[in-house]
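Subject: Structure handover and notes

Hello,

Here is the structure I said I would pass on. My notes follow below it.

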Amino acid sequence: AGDLATARKTAEKAFKLEPSSNALVSLGMYEELSGAVANALKRYAAWLEKHPDDAPVRMAYASSLMMAKQIPQSSTQYAIILQADPDNLTALNNQAWLLRETNTEQALEYARKAAELAPDSAAVLDTLALVEYASKDYDQAQSNILRALKSAPDDPSIRYHSAKIAAALKDNATARATLEKLLAANPKFPEVAEAKALLAKLKN
C-alpha cells in the first residue's frame, strides 16, 4: 500500500522466522524495490550454496543479476537452469537476450526454441528479432518484429526495435517516422537515449 520500508521489514522478519524459497524470493523483491539489490544478490547466492537445486531462487537470482547488468553472471545462472529444465521459457528467452551479441549462434538456438514454445509472445518474438538483427538477418528480423508489434502495438521498446531494424534495411523514412511518433508519445522508456540518438543520426 505504498509503505515499502515496512513491507521490506515484514518480509525480512517472515524469512527469519521460517526460511523458505518463497519467503526469500519475496524478501529479495522488496530489497530490490528499495534499491538494495546487492543485499538480495548476497541472500540468493548464500541460499543457493546450501540449496543448489532450488529452481525458483535460482531464477530470481538470474533475473536480479540481469537487472543489475551483471551479464556473465546472469548467463551462468540461466545456463544452470537450462541444464535442469531445457524448456524453461523465461530462461531460454533471457539467455538468448544476454548472448545475442557475444554468441549469436547460440542465442539464435535459444530464441528459436523459445519461439516454438510461445509463438505468439511479443517478448519472445522481440528477442528473436533482435538476435536475428545481431546476426544481420534483417529481413527475418523485420518479419518477427512486426509479429511482435501485432501482439503489443503500444510497447515502446518493441516500436524502437522496429525502427532500428527498418534503419538497418535502409528504410530510413519508416524508421524516422516511427521514432518521431514513439518519442512524442513516450518521453520516458528504457531505451529512450538510444532512440533519440538513432533519430538524430537519421536526420543527418
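Where is Ala-152 found? Ala-152 sits in the loop between α9 (138-151) and α10 (156-168). Helices here (H or I, at least four residues) are DSSP runs, numbered from the N terminus.

Before the rest, a note on the source. This is a predicted model, in which local features need pLDDT of at least 70 and side-chain atom pairs count only at pLDDT 80 or more, while totals for chains, interfaces and linings use all residues. Residues are numbered from 1 along each chain as its sequence is written, and side-chain values use heavy atoms, with hydrogens and water left out.

Ala-152 counts as buried, at 19% relative accessibility. Buried means under 20% relative accessible area, exposed means over 50%, and partly exposed is in between (1.4 Å probe, protein chains only). Leaving aside neighbours within four places in sequence, Ala-152 is in contact with Ala-122 and Ile-158, where contact means heavy atoms within 4.5 Å. From C-alpha to C-alpha, Ala-152 is 8.7 Å from Ala-123, and the two are 29 residues apart in sequence.

His-161 lies in helix α10. His-161 is buried too, with a relative accessible area of 2%. Again leaving aside neighbours within four places in sequence, the contacts of His-161 are Trp-97, Asp-126, Leu-130, Ile-145 and Glu-191.

Helices α1 and α2

Two packed helices are described by the angle between their axes and the distance between the axes. Helix α1 (residues 4-17) packs with helix α2 (residues 21-33) at an angle of about 155°, and their axes are 9 Å apart. That makes α1 roughly antiparallel to α2. Axes are lines fitted to C-alpha atoms, for helices over the stretch in contact, and angles run from 0 to 180 degrees between N-to-C directions; angles over 145 degrees count as roughly antiparallel, under 35 as roughly parallel, 65 to 115 as roughly perpendicular and the rest as oblique.

The crossing of α1 and α2 is left-handed, meaning that the near helix is turned anticlockwise from the far one by less than a right angle. On the α1 side the residues are Leu-4, Ala-7, Arg-8, Ala-11, Glu-12 and Phe-15, which meet Ala-23, Leu-24, Ser-26, Leu-27, Tyr-30, Glu-31 and Leu-33 in α2. By class, this contact has 9 nonpolar, 1 polar and 3 charged residues. Ala, Val, Leu, Ile, Met, Phe, Trp, Tyr, Cys and Pro count as nonpolar, Asp, Glu, Lys and Arg as charged, and the others, Gly among them, as polar.

Salt bridges

Side chains of opposite charge can pair when their charged atoms come close. The structure holds 5 salt bridges, each defined as a side-chain nitrogen of Lys or Arg within 4 Å of a carboxyl oxygen of Asp or Glu.

One of them joins the side chains of Glu-12 and Lys-16 (3.9 Å, N to O). Glu-12 and Lys-16 are 4 residues apart in helix α1, so about one helical turn separates them. Glu-12 is partly exposed at 24% relative accessible area, and Lys-16 is exposed at 62%.

Arg-43 forms a salt bridge with Glu-31, with the closest N and O atoms 2.9 Å apart. Arg-43 lies in helix α3 (residues 37-50) and Glu-31 in helix α2, so the pair ties together parts that are 12 residues apart in sequence. Arg-43 is partly exposed at 23% relative accessible area, whereas Glu-31 is buried at 0%.

Regards

Notes:
Helices (H or I, at least four residues) and strands (E, at least two) are DSSP runs, numbered from the N terminus.
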